[in-house]
Amino acid sequence: MTDPAADPLIARMRPFGTTIFAEMSALAARTGAVNLGQGFPDTDGPQEMLDAAVSAIHSGYNQYPPGPGQPVLRQAIADHQRRFWGLEYDPDGEVLVTAGATEAIAASILALCESGDEVVCFEPYYDSYAASIALAGAVRRPVTLRAGEDGYSFDPDELRAAFGPRTRLLLLNTPHNPTGKVFTREELALIAELCAEHDVTALCDEVYEHLVFDGEHLPLAAFPGMRDRTLQISSAGKTFSCTGWKVGWVCGPARLVSAVLRVKQFLTFVNAGPFQPAVAVALALPDSYYTGFRAELLAKRDALSAGLAKAGFGVLPAEGTYFVTADIRPLGGVDGLDFCRSLPERSGVVAVPAQVFYDDQSAGRHLIRFAYCKRPEVLTEAVNRLAG
């Protein structure tokens, strides 16, 4: 007889409870703390995009869009890939619109991994990666990014050892959340070499592609031999400050994109009807929008990093994204989770413990993550509170 008190959730998903982002955002609301934990902006995106969404709502875009996405958006995505990265994708068959990058990642893993297949990924990793791998019944093979004075790096031999006969996917996030690392040309060349050697598909999460401050964003799909074995994922949420719209996309060879579509149709089916043409407008904005947005976030990164250092944290270089990681040991901290749970009461600021994104928690126990995608006055208030 089934125990009514037993957890009905399947065993492989039991390690995944409420996300750390939900926990910390609830803590911020309860304590009135400044929330630098969850990575969402507190301003809206470009006015042209917002106006286009309103127009689309009044112009018949409120029913189911086509399964692969509105043609106008798929064309805009293909144009964007050519314009910024020199990559050619056919909007009819090589571009798929999804419910944010999160669905794109989940649908790709579910489409391409059998039970027992292995996925090489870099830790710390965004929490949905581990959950999506578990949903597929696959096995993650993490390679640890270790923090040093010059930022984060990995051991090439450790990466080589992670590949084996069951390796099905390489999951790469660059620019990288939560570390802010931008993978170098040399690192990406090694990754491409190993994918080709082991006949592995690369799944590349590039949602912060336009937020690189040090170094440069280099899509793995542009490396020799990688275009036909790479799924490139991005979204409108980070680039255009519309995280609630959940408009993402997958670009890649038709055989891989078709596989993802066949899974995606049974997840959300379709999404964001009136927002899709609005995102197409945003993608076509002039270079001045992209450079201005980057400059704005760079100034915020520098302001928060300086404030954290002044407060006594050890601040690691943040080469890109919305985030900076800080070492709590100079302040006497030992465990990041305990530190973050007590920080709102002590200082009125919320951060996220990095250790929850590691399998090897010892590598990140002393690190916490702050988001700087907030209004300048919010960052100033947070820095003032931390200084106290």
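So, a cavity here means a set of points, on a 1 Å grid over the protein atoms alone, where a 1.4 Å probe fits but cannot get out, and its lining residues have an atom within 4 Å of a point. Quick caveat: this is a predicted model, where local features need pLDDT of at least 70, side-chain atom pairs count only at pLDDT 80 or more, and totals for chains, interfaces and linings use all residues. Residues are numbered from 1 along each chain as its sequence is written, and side-chain values use heavy atoms, with hydrogens and water left out.

Okay, the cavity. What lines the largest cavity? Cys 121, Phe 122, Pro 124, Tyr 125, Tyr 129, Leu 171, Leu 172, Asn 173, His 176 and Phe 183 do.

On to salt bridges, meaning a side-chain nitrogen of Lys or Arg within 4 Å of a carboxyl oxygen of Asp or Glu. The structure has 24 of them. Take Asp 360 and Arg 146: their closest N and O atoms sit 3.7 Å apart. That pair ties together distant parts of the chain, 214 residues apart. Asp 360 is partly exposed at 26% relative accessible area, and Arg 146 is partly exposed too, at 41%; the partly exposed class lies between buried, under 20%, and exposed, over 50% (1.4 Å probe, protein chains only).

Then there's Arg 375 with Glu 377, closest N and O atoms 2.9 Å apart. Arg 375 comes out partly exposed at 32% relative accessibility, and Glu 377 is partly exposed at 47%.

Terms used:
On a 1 Å grid over the protein atoms alone, a cavity is a set of points where a 1.4 Å probe fits but cannot get out, and a pocket is an open set with protein on both sides within 12 Å along at least five of seven lines; lining residues have an atom within 4 Å of a point. Helices (H or I, at least four residues) and strands (E, at least two) are DSSP runs, numbered from the N terminus.
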